[in-house]
Amino acid sequence: PGERSLCVTAVHLKDQTSGATIPMLAVGTSFAAGEDYPCSGRVILVEVGRGSDGAWAGSIVFHREFKGPITNISSVDGYLLLSTGNRLETCILKSSQEGKFTLQRSAFFEGPSLITSLNVVKNFILAGDAQHSVQFLRYKDQGKQIMPLAKDFGAACVRTCQFVIAGSSLHIMMADGEGNVRAFTYAPTDP
């Protein structure tokens with residue numbers, strides 16, 4: 001009761017025990033218990049397939065509670081990527097001999113205020129913030145790190161952001177709360 005679904009996406013997670021890549025639906029939820037209690041959330045992983053009668057069926061294979069609402073969810077390099085408030089985390093999927101799954105936190109990044117939008121291309125992450133525009137990040141498997149590459153120093157309430165790939169160049173599009181659409185290009189050599 002009181003649990004609301006905030007985001008859902010198809011993810012491909014690598015089982016660290018068997019090495020298999022498993023397609024799943026990942027659902028992020030929120031429990032709003034009132035003004036006297038902090039809001040919490042939950043990640044639900046659903047395996048979807050066809051049943052014996054040919055109809056699509058889903059079964060919950062894992063769920064875990066977090067201290068904040070799960071506002072965005074995706075996957076990067078086979079790991080689950082999620083945001084709770086201003087915190088961006090990756091989680092490792094592991095299976096047991098009984099066929100049960102667990103999630104283990106592996107890397108995190110603290111954003112400025114509230115992550116409102118999240119997109120991934122390869123190991124590059126684009127995070128939109130409620131007050132501080134967009135941040136361009138990179139996940140490094142070696143050392144399990146989420147590293148900042150660039151950010152927009154302007155203030156903007158990001159409603160959504162997305163990567164735009166044109167040939168061999170990668171661009172960033174962002175729409176803010178004032179109805180503006182902005183385009184950015186990553187320039188690593190620009191001071």
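Me: Is Lys122 buried or exposed?

Reply: Lys122 is exposed, with a relative accessible area of 70%; here exposed means over 50% relative accessible area, buried means under 20%, and partly exposed lies in between, with a 1.4 Å probe and protein chains only. Please keep in mind that this is a predicted model, in which local features need pLDDT of at least 70 and side-chain atom pairs count only at pLDDT 80 or more, while totals for chains, interfaces and linings use all residues. Residues are numbered from 1 along each chain as its sequence is written, and side-chain values use heavy atoms, with hydrogens and water left out.

Me: Where is Lys122 found?

Reply: Lys122 lies in the loop between strand 9 (115-121) and strand 10 (124-129), where strands are DSSP runs of E with at least two residues, helices are runs of H or I with at least four residues, and both are numbered from the N terminus. The phi of Lys122 is positive, near 55°, in a residue other than glycine.

Me: And what about the phi of Ser133?

Reply: Ser133 is not a glycine either, yet its phi is positive at about 60°. Ser133 sits in the loop between strand 10 and strand 11 (134-140), and with a relative accessible area of 0% it is buried.

Me: Which residues does Ala156 contact, apart from its close neighbours in sequence?

Reply: Leaving aside neighbours within four places in sequence, Ala156 is in contact with Asp129, Ala130, Gln131, His132, Ser133, Met174, Asp176 and Arg182, where contact means heavy atoms within 4.5 Å. Ala156 itself belongs to the loop between strand 12 (145-151) and strand 13 (158-166), and its relative accessible area of 6% makes it buried.

Me: How far apart are Ala156 and Asp176?

Reply: From C-alpha to C-alpha, Ala156 and Asp176 are 6.1 Å apart in space, although 20 residues separate their places in sequence.

Me: Switching to pairing, how do strand 13 and strand 14 run?

Reply: Strand 13 and strand 14 (residues 169-176) run antiparallel and are joined by eight bridges; two strands are said to pair if DSSP finds at least two bridges between them.

Me: What does strand 3 pair with?

Reply: Strand 3 pairs with strand 2 in the antiparallel sense over seven bridges, with Val27 standing opposite Ile44 in strand 3. Strand 3 is also joined to strand 4 (residues 56-66) by 10 bridges, again running antiparallel, and Leu45 has Phe62 in strand 4 as its bridge partner. The hairpin of strand 3 and strand 4 has five residues between the strands, and there Gly54 takes a positive phi near 90°.

Me: Are Ser30 and Ser40 buried or exposed?

Reply: Ser30, in strand 2, counts as buried at 10% relative accessibility. Ser40, in strand 3 (residues 40-50), counts as buried at 18%. Not counting residues up to four places away in sequence, Ser30 touches several residues, including Gly2, Cys39, Ser40 and Pro69, while those touched by Ser40 include Thr29, Ser30, Phe66 and Pro69.

Me: Last topic, the whole thing: how many helices and strands are there?

Reply: The secondary structure of the protein comes to zero helices and 15 strands. The radius of gyration, taken over C-alpha atoms, is compared with a globule rule of 2.2 Å times the number of residues to the power 0.38. Its value is 18 Å, close to the 16 Å that the rule gives for 191 residues, so the protein is as compact as a globular protein of that length. Of those 191 residues, 38% count as buried.
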